[in-house]
Amino acid sequence: MEARDVRQALVLQRWRYPLGGWPWRSAGYLASGVVVGALACAALLVLLLASLLLVGIPLLLLGGVALGGAERLRLRLVDRLPAADPHRVPAAPGLGAWARLRAGERATWRELAYALLLATVLWPLDAVALALAVGAPGTLLAAPVLLAADGHETKLLKTVLVTTYPAAFAAAAVGALALLALAWPLGLYAAG
């Protein structure tokens, strides 16, 4: 049976999970969350300043709806089934009817709340999770290349000084094992 999402992959694939595509999909989801969250943070600051002029409030709602749509697309990285669009179709054509309908929908306000959460809390947490689960093991994995580039010595993770190739290859082996071991927590975090 093929897994539909990261949670199923963690359960069904068990020990094969780190060797499949789901850890990479989870890392891609978190990396895109960092990018989208940082952009949402910048946009939020601009829209909050614009809301002082009462122009930014409708734009803030529109931004929440747009970010909700982007998040439904991003969720395809960790869930094969598309997320349903919670918005209704306006009864009348035109921007005014669309805006009145969106302002009265619960889904719009949930998306705006998620946008605020993503812009302030989630993307930094995603960045930390990626740094710990992918960045640190990746640095150890690159130890032989880093030593060859420098020639004499290289400092890994700002604490470990590597001066010989056997030590660099040992660090690379530890990095590979750490990358495999941290695939499960990364998947759990992305699924959450």
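Residues are numbered from 1 along each chain as its sequence is written. In this predicted model, local features need pLDDT of at least 70, side-chain atom pairs count only at pLDDT 80 or more, and side-chain values use heavy atoms, without hydrogens and water.

**Exercise 1.** Describe the packing of helix 6 against helix 7.

Solution. Helices are DSSP runs (H or I, at least four residues), numbered from the N terminus. The axes of helix 6 (residues 143-150) and helix 7 (residues 165-181) come within 7 Å and cross at roughly 145 degrees; axes are lines fitted to C-alpha atoms over the stretch in contact, with angles from 0 to 180 degrees between N-to-C directions. In contact (heavy atoms within 4.5 Å) are Ala143, Pro144, Leu147 and Ala148 of helix 6 with Tyr165, Ala168, Phe169, Ala171 and Ala172 of helix 7. These contact residues comprise nine nonpolar, no polar and no charged.

**Exercise 2.** Determine where Arg14 lies and whether Arg14 is buried or exposed.

Solution. Arg14 is located in the loop between helix 1 (6-12) and helix 2 (22-51). Its phi is positive, about 40 degrees, although Arg14 is not a glycine. Arg14 counts as exposed because its relative accessibility is 52%, where buried means under 20%, exposed over 50% and partly exposed in between (1.4 Å probe, protein chains only).

**Exercise 3.** Classify Lys158 and Tyr189 by accessibility.

Solution. Lys158 has a relative accessible area of 75% and is therefore exposed. Tyr189, in helix 8 (residues 183-191), is at 32% and so counts as partly exposed.

How values were computed:
Helices (H or I, at least four residues) and strands (E, at least two) are DSSP runs, numbered from the N terminus. Ala, Val, Leu, Ile, Met, Phe, Trp, Tyr, Cys and Pro count as nonpolar, Asp, Glu, Lys and Arg as charged, and the others, Gly among them, as polar.
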